[in-house]
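User: Hey, can you walk me through this one? I'd like to start with how the chains meet.

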Amino acid sequence: MLLAGLLAALVGCAGGGDRDEKGKVVLEYWEKWTGHEKEAIARRVEAFNRSQDKIHVRMLTVSRIDQKMMLATAGGVPPDVVGLWAVNLPSYSENNALLPLDRLAAEFGISEGNYLPVIWKLCNYRGFLWSLPSTPSVVALHWNKDAFREAGLDPERPPRTLAELEEFNEKITRKNPDGSLERIGHMPQEPAWWMRDFPTWFGHPVWDGGNRMRMDDDACRKFFGWLESYPRRFDGPAMYKLRGAFGNFASPENPFFTGKVAMIMQGVWMDGFIKKFARPGFRYGVAPFPEPVEHPGAPLTVAETDILVIPAGAKHPRESMEFIAWLQRRENMEALCLEQKKISPLREVSADFLARHEHPYLRTFQELAASPRALPALTIPTFREFENDLSVYTNLVLLGRMEGEAARMEMSARQQKALDAKLNRWNRVAPVRTAEWRKEVGS
Amino acid sequence: MNRAERRNFARAMLFVAPWVVGFLFLNLYPFLASVWYSLCDYSALSVPVFLGFQNYADLFRDPVFWKALSNTVLFALFAIPLGTALSIGLAVLLNQPVPGQGLFRTIFFLPSLVPAISLAILWQWMLNGPVGLVNMAVRPFLQAINAVAGTSLQAPDWLNDPNWALWGLVLTGLWGTGHAVVIYLAGLQEIPVELYEAAELDGTTPWQRFVHVTLPMLSPVIFFNVLMGIIGALQTFAVPYILTGGADGPGRSLLFLATYIYQHAFDYWNMGYASALALILFLVIVVLSFLAVKLGEKKVHYGGR
């Protein structure tokens with residue numbers, strides 16, 4: 001609390017007054033983006049400020065933004081607008097750190113119908129609207145066409161089932177004379193960002209959305225079984241040795257660009273990094289990530305979105321909503337998504353957006369996002385605990401140091417307990433909290 | 001107390017006020033608050049709800065807590081003696097009257113000036129399995145052993161192998177021995193030369209002089225460094241946190257109590273549980289420091305006594 005107070009004092013000092021010399025209300029906007037993504041939002045902020053005679057948005061890039069927002073909110077001086085991730089919503093809303101936006105959104109003419117269904121779902125939690133999207137993402141299989149060709153595979157044909165992905169994996173993987181791996185077709189831990197969502201491909205997410213972890217169900221058993229097959233086939237330590245030589249994601253040494261990993265699950269932003277860091281002429285394809293059984297028609301994907309929230313206790317909620325609502329207008333949202341090289345979260349996409357977007361597979365991603373089988377990423381009150389445990393257990397299984405079933409059972413028990421503890425906390429305050437939120441949104 | 005004494009007392013209070021205020025608000029209040037929060041379910045944003053000793057009961061049933069505690073104690077058990085032996089050895093060598101003595105002292109001290117974050121990032125690469133400098137140095141020896149003994153020893157994948165990660169961290173700890181070396185050097189220079197002369201006249205060997213003169217005379221300095229080392233090692237946070245990217249390391253082998261406290265407080269929003277963990281860490285430090293002091297009473301030789 002003292003730390004929060006000190007931070008609050010610092011923020012208070014740094015923030016200065018809440019009106020500028022022209023009498024405009026100054027909004028403090030914290031955002032997590034850096035690089036070209038930051039430049040893109042900075043241009044939108046400038047455009048908003050130019051259009052305004054009442055509000056001025058001051059943007060600040062903040063690292064570990066989720067923690068710092070928590071401390072600032074605990075200290076009683078939160079910023080006005082914060083760019084978080086949808087996965088933050090359960091813990092922030094249950095801890096009363098956010099302002100429900102239902103009433104303000106309605107006043108500004110924002111409704112569910114404007115957005116892709118999966119994105120709207122991600123912005124809501126426990127029946128309230130907590131955020132609006134900034135830029136969303138869905139994931140898909142990316143494959144290196146040259147690696148396919150070198151392995152004697154058709155570079156234009158991606159795997160259509162998980163079994164086929166593994167068949168291609170075996171063909172593409174190359175070993176050095178000393179038995180170490182020179183290249184691998186696919187490894188689930190590269191990148192490890194989607195480990196939490198893989199069970200969805202085996203049947204369903206790991207949480208039922210209520211009070212039960214579904215880690216004892218069939219999908220999770222199959223997922224851990226799939227992981228366990230990797231050290232048997234490719235030797236666990238050898239995979240980690242190969243991985244140890246991978247360079248940074250945002251660098252020419254990214255293992256997908258260097259050909260060390262031929263098939264990866266990635267999001268729409270990957271094309272921007274390919275254009276910037278991969279060698280000229282790097283050829284790749286994008287397709288829905290394969291499922292155990294081919295599913296013609298609607299493809300499966302998992303969606304996530306960066307979001308804009310108004311912290312509880314923010315000084316200028318209406319003005320903050322004005323800025324957020326301005327960004328939700330199609331022309332502004334598309335400008336942001338174009339510059340950040342992402343898909344649009346909106347249901348209606350202009351022909352101009354599609355024509356001007358540089359991503360060669362944009363339509364694949366837009367179709368995935370609009371698919372009825374586009375599911376929201378895991379947004380659970382125990383998100384960080386879950387991620388941490390998942391990293392520990394999946395790494396042990398992939399190293400061959402723990403059996404998949406033992407890891408699953410141990411993790412399942414731990415995570416159910418962690419969820420129960422969070423739900424107990426929530427249940428104690430739920431009636432009061434819900435009544436407060438209802439009052440706030442006028443329902 | 002007459003008027004002059006009262007005035008002097010008021011002045012004295014004024015001068016110590018910054019320390020007293022700092023102590024009250026930055027030490028005592030957080031300490032007492034964390035004692036209270038450790039008895040509550042508290043997320044930092046919600047009102048604390050009294051739970052009694054539930055957090056402590058949960059903690060003793062939490063296998064991850066025991067893992068973090070055992071990692072922390074194991075690290076201290078190996079890092080402190082190793083660091084102490086190395087820094088005393090270096091200090092003795094750097095105390096020899098050789099040309100360039102000052103330069104050598106500076107060279108050995110310099111690494112301890114590197115901030116913990118930079119140190120961790122540096123060691124992330126040094127300990128990299130396939131391309132790290134440590135393994136580049138180790139591999140020729142292993143190859144030689146393999147050639148002679150017909151074994152198939154391989155350089156460890158330090159930061160990915162649960163069996164090696166903690167040892168990798170112990171290795172990184174040795175990087176900062178320069179700080180202790182400077183203190184030992186000061187201690188060595190305080191040892192009266194007559195003691196060595198008398199020992200030489202008695203026909204002692206250099207090793208005997210080291211064991212029977214240097215070590216006893218240096219014991220107060222060793223005691224100070226070991227005590228500080230215990231407190232520092234038990235609070236290890238920054239380097240393993242950076243090495244693992246804020247996670248637990250392979251098989252939780254780099255999870256330390258301080259990291260676990262941080263995770264619960266700021267990642268999981270379990271400030272109450274984190275406070276209970278912090279108090280347990282405090283008790284561990286108090287107990288080990290007390291034992292060190294008790295041991296010191298018997299083994300530390302103060303010149304003035």
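This is a predicted model: local features need pLDDT of at least 70, side-chain atom pairs count only at pLDDT 80 or more; totals for chains, interfaces and linings use all residues.

User: Which elements of chain B give two or more residues to the side that touches chain A?
Analyst: Those are helix 1 (3-37) and helix 12 (257-267) of chain B.

User: And how does that side divide into nonpolar, polar and charged?
Analyst: You get 21 nonpolar, 9 polar and 7 charged residues.

User: How many salt bridges across the interface?
Analyst: The rule gives 7 between chain B and chain A. One pair to look at is B:D41 with A:R425, a salt bridge whose closest N and O atoms are 2.7 Å apart.

User: What area do the two chains bury between them?
Analyst: About 3100 Å², with 55% of it on carbon and sulfur atoms. On the chain B side, B:L45, B:Y268 and B:W269 lose the most area to chain A, together 21% of what that side buries.

User: Switching topic: which residues touch the most other members in the largest nonpolar core?
Analyst: That core has 206 residues, and the ones you want are A:Y29, A:F224, A:M239 and A:F323. Its largest share, 11 residues, comes from helix 13 (residues 271-299) of chain B.

User: What is A:Y29 in contact with, leaving aside neighbours within four places in sequence?
Analyst: Its contacts include A:I41, A:V45, A:R58, A:M59, A:L308 and A:F323.

Terms used. Residues are numbered from 1 along each chain as its sequence is written. Chains are lettered from A and ligands numbered from 1 in the order in which they are written. Side-chain values use heavy atoms; hydrogens and water are left out. Buried area is the accessible area (1.4 Å probe) that two parts lose on being put together, summed over both. A salt bridge is a side-chain nitrogen of Lys or Arg within 4 Å of a carboxyl oxygen of Asp or Glu. Helices (H or I, at least four residues) and strands (E, at least two) are DSSP runs, numbered from the N terminus. Ala, Val, Leu, Ile, Met, Phe, Trp, Tyr, Cys and Pro count as nonpolar, Asp, Glu, Lys and Arg as charged, and the others, Gly among them, as polar. A nonpolar core is a set of buried Ala, Val, Leu, Ile, Met, Phe, Trp, Tyr and Cys residues joined through side-chain atoms within 4.5 Å. Buried means under 20% relative accessible area, exposed over 50%, partly exposed in between (1.4 Å probe, protein chains only). Contact means heavy atoms within 4.5 Å.
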